[in-house]
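Got a structure open and wondering how to read it? Let's talk it through, feature by feature.

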Amino acid sequence: MPAHALKRPTLLALCACVLVAQSMVAAVNLLIPQLSSSALHPSHTQVLWTIDAYVIVFAGLLVPAGALGDRYGRKGALLAGLALFAAGAATSALATGPAELIAGRGLSGAGAALITPSTLSILMQLSAPEHRVRSMGAWTLAIGVGGAAGNLGGGLAGQFLSWRALFVVMVPLTAVLAVAVAVTTPRTVRSARSNPDPLGTLLLTAGLVAVLFGIIEGQTYGWTSARILGAFAAGALLLAAFTLHALRSAAPLFDPRVFGSPRLRAASLGTATAFFGLFALFFVNSQYLQGVKGYGAAVTGVAIMPLVIGMAGAQRLATRWAGHPRAVIGAGLALIGLGLLGASTADASTPYAEFVCWLLVISAGAGLSMPALTFGVVTSLPAHQAGLGSGLGTTARETGAALGVAVTGTILSGHTDLAQGMGPALRTVAVLVLAATALVVTGLRPRGRQRSTPYGGQPIMTWAPLRKETEAGPTEVLGPS
């Protein structure tokens with residue numbers, strides 16, 4: 001498939017798919033009151049699992065799902081993901097008990113794990129080299145819009161409709177997206193060199209799920225409880241076992257030595273940092289607007305939408321300044337941290353217009369930094385493993401998001417109410433974001449040019465967004481140092 005094959009309808013269809021998948025991460029949050037009082041009579045733990053099942057399965061399966069798309073076909077993986085997503089939504093909509101609702105959420109999460117890396121991998125395969133940063137910017141903007149759209153959809157459903165309506169709508173919407181993908185998206189060349197590696201996939205997925213369970217449920221069970229400490233210990237052991245297996249295997253899922261690159265480590269940390277800050281904001285934002293400002297669920301969803309404006313405006317600047325990734329990433333992450341510091345001053349008397357200014361600063365920082373960060377992670381692997389690379393990047397995003405919610409929730413639990421705890425929580429997150437920003441910028445420092453052959457002699461792609469590539473393949477990259 002020629003590199004210039006990406007057409008506007010294809011771009012729109014792919015971005016719409018990832019937008020819908022991302023929207024369901026947060027949409028259920030605004031339905032918690034309605035779910036708790038519904039005829040399903042879920043316990044507090046079951047309500048939490050209704051929220052968390054999607055995220056845990058989604059993030060846990062991202063890396064192997066990306067590898068499967070590379071090996072067996074990215075378009076096929078995307079269509080299969082849409083089918084699973086719709087099946088999960090239908091299961092949740094028709095649930096007669098909490099267990100079915102949770103199972104449906106997990107099934108949709110598995111679909112999202114196939115959708116997200118496949119869309120980005122297809123974009124990378126079809127975009128001409130000089131247009132890849134622009135395509136990446138549109139894709140990352142779709143993720144941001146998806147978060148805001150999820151809050152809006154959840155708010156509207158919670159205030160005017162039944163909680164089931166949110167899941168019912170997803171079924172025909174996903175069907176429309178599947179038709180759009182089938183019509184507009186060409187098939188890309190499969191990679192015979194990508195390896196499913198069943199044992200490695202099992203070890204990595206189980207390890208990630210254990211770690212994510214510990215992060216997400218730490219606040220519920222207590223960070224020093226046997227259950228949470230056991231989850232972290234199991235996760236560490238499983239990930240160590242995966243590393244040993246991958247280093248010894250002739251055909252691993254991916255070579256962990258790729259993380260020897262300071263630039264990849266910095267890009268992964270930067271991606272996690274951005275979503276750490278964003279989801280800390282998302283966690284308190286709806287609670288602040290509803291519980292402190294007194295807005296209804298639907299108005300809260302609308303009040304969050306200015307986040308899209310900041311992301312869209314900054315994304316244009318990110319494309320224009322793509323040749324200076326270190327400055328763009330550093331400035332963007334710093335804006336997220338500074339915006340969180342500003343938002344931490346909000347209280348019941350703060351005018352909405354003033355609060356929105358801080359939302360715009362935070363969203364502008366995300367829009368500025370995310371295209372370059374995503375490009376940096378994806379192009380850290382060879383071109384034939386673009387799906388795997390996008391899976392790694394999205395795993396960093398979802399892990400950062402889970403940590404943002406966990407840290408913020410833990411701090412809030414130490415205060416009598418949201419009004420007292422919101423300021424300290426956001427200030428803590430802001431300091432952590434700014435400290436991580438310094439590490440990221442240091443990691444992106446230019447280093448001596450070296451050839452890197454961590455994949456049996458095959459060079460990996462360069463991170464420089466505007467460097468020309470030949471039709472024969474990618475240029476060589478700065479290697480681990």
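Predicted model: local features only at pLDDT ≥ 70, side-chain atom pairs only at ≥ 80, totals over all residues.

Q: How many helices and strands does the chain have?
A: Helices (H or I, at least four residues) and strands (E, at least two) are DSSP runs, numbered from the N terminus. Here the tally is 16 helices and zero strands.

Q: What share of the residues counts as buried?
A: Buried means under 20% relative accessible area, exposed means over 50%, and partly exposed sits in between (1.4 Å probe, protein chains only). In this chain, 57% of the 481 residues are buried.

Q: And what share of the contacts links residues 24 or more positions apart?
A: A contact means heavy atoms within 4.5 Å. Take the contacts in the chain with a separation of 6 or more: 82% of them join residues 24 or more positions apart.

Q: How do I check the length of a helix, say α1?
A: Compare its span with the expected one, which is 1.5 Å times one less than its number of residues. The 19 residues of α1 should span 27 Å at 1.5 Å a residue, and the end C-alpha atoms are 28 Å apart, which agrees. As for cover, 14 of the 19 residues of α1 are buried.

Q: Where does Val-18 lie, and what is it in contact with?
A: Val-18 is in helix α1, residues 8-26, and it is buried at 0% relative accessibility. Skipping neighbours within four places in sequence, its contacts are Ile-115, Thr-116, Thr-119, Trp-139, Ala-142 and Ile-143. Val-18 and Val-145 are 127 residues apart in sequence, yet their C-alpha atoms are 9.8 Å apart in space.

Q: How many disulfides are there?
A: A disulfide is a covalent bond between the sulfur atoms of two cysteines. The rule used here is a pair of cysteine sulfur atoms within 2.5 Å, and by this rule the count is zero. Take Cys-15: its closest cysteine sulfur is in Cys-17, 9.2 Å away, so that is too far for a bond. Both are buried: Cys-15 has a relative accessible area of 9%, and Cys-17 has 1%.

Q: Is Leu-173 buried or partly exposed?
A: Leu-173 is partly exposed, with a relative accessible area of 32%. You'll find Leu-173 in helix α7, residues 163-184. Leu-173 and Cys-17 are 156 residues apart in sequence and 9.7 Å apart in space, C-alpha to C-alpha.

Q: What about the threonines, Thr-50 and Thr-395: which helices are they in?
A: Thr-50 lies in α3, residues 44-72, while Thr-395 is in α15, residues 386-412. Thr-50 is buried at a relative accessible area of 3%, and Thr-395 is buried at 9%. Leaving out residues within four places in sequence, Thr-50 is in contact with Val-28, Leu-35, Leu-101, Ile-102 and Arg-105. Leaving out residues up to four places away, Thr-395 touches Ala-59, Leu-62, Val-63 and Leu-208.

Q: Now α13: which of its residues are buried, and what covers them?
A: The buried residues of α13 include Pro-325, Val-328, Ile-329, Gly-330 and Gly-332. Their cover includes α10 (262-292), α14 (352-378) and α16 (418-443). Helix α13 itself (residues 325-343) has 19 residues and reaches 27 Å from its first C-alpha to its last, close to the 27 Å expected.

Q: How do I describe the packing of α13 and α16?
A: Two packed helices are described by the angle between their axes and the distance between the axes. Axes are lines fitted to C-alpha atoms, for helices over the stretch in contact, and angles run from 0 to 180 degrees between N-to-C directions. The axes of α13 and α16 come within 7 Å and cross at roughly 165°. α13 and α16 are therefore roughly antiparallel (angles over 145 degrees). Among the residues making the contact are Ile-329 and Leu-333 of α13, with Leu-426 and Val-433 of α16.

Q: At what angle do α10 and α14 pack?
A: About 155°, with the axes of α10 and α14 9 Å apart. That makes α10 roughly antiparallel to α14. Residues of α10 in this meeting include Leu-264 and Phe-275, and those of α14 include Phe-355 and Met-370.

Definitions and conventions
Residues numbered from 1 in each chain as written. Heavy atoms only, no water. Parallel < 35°, antiparallel > 145°, perpendicular 65-115°, else oblique.
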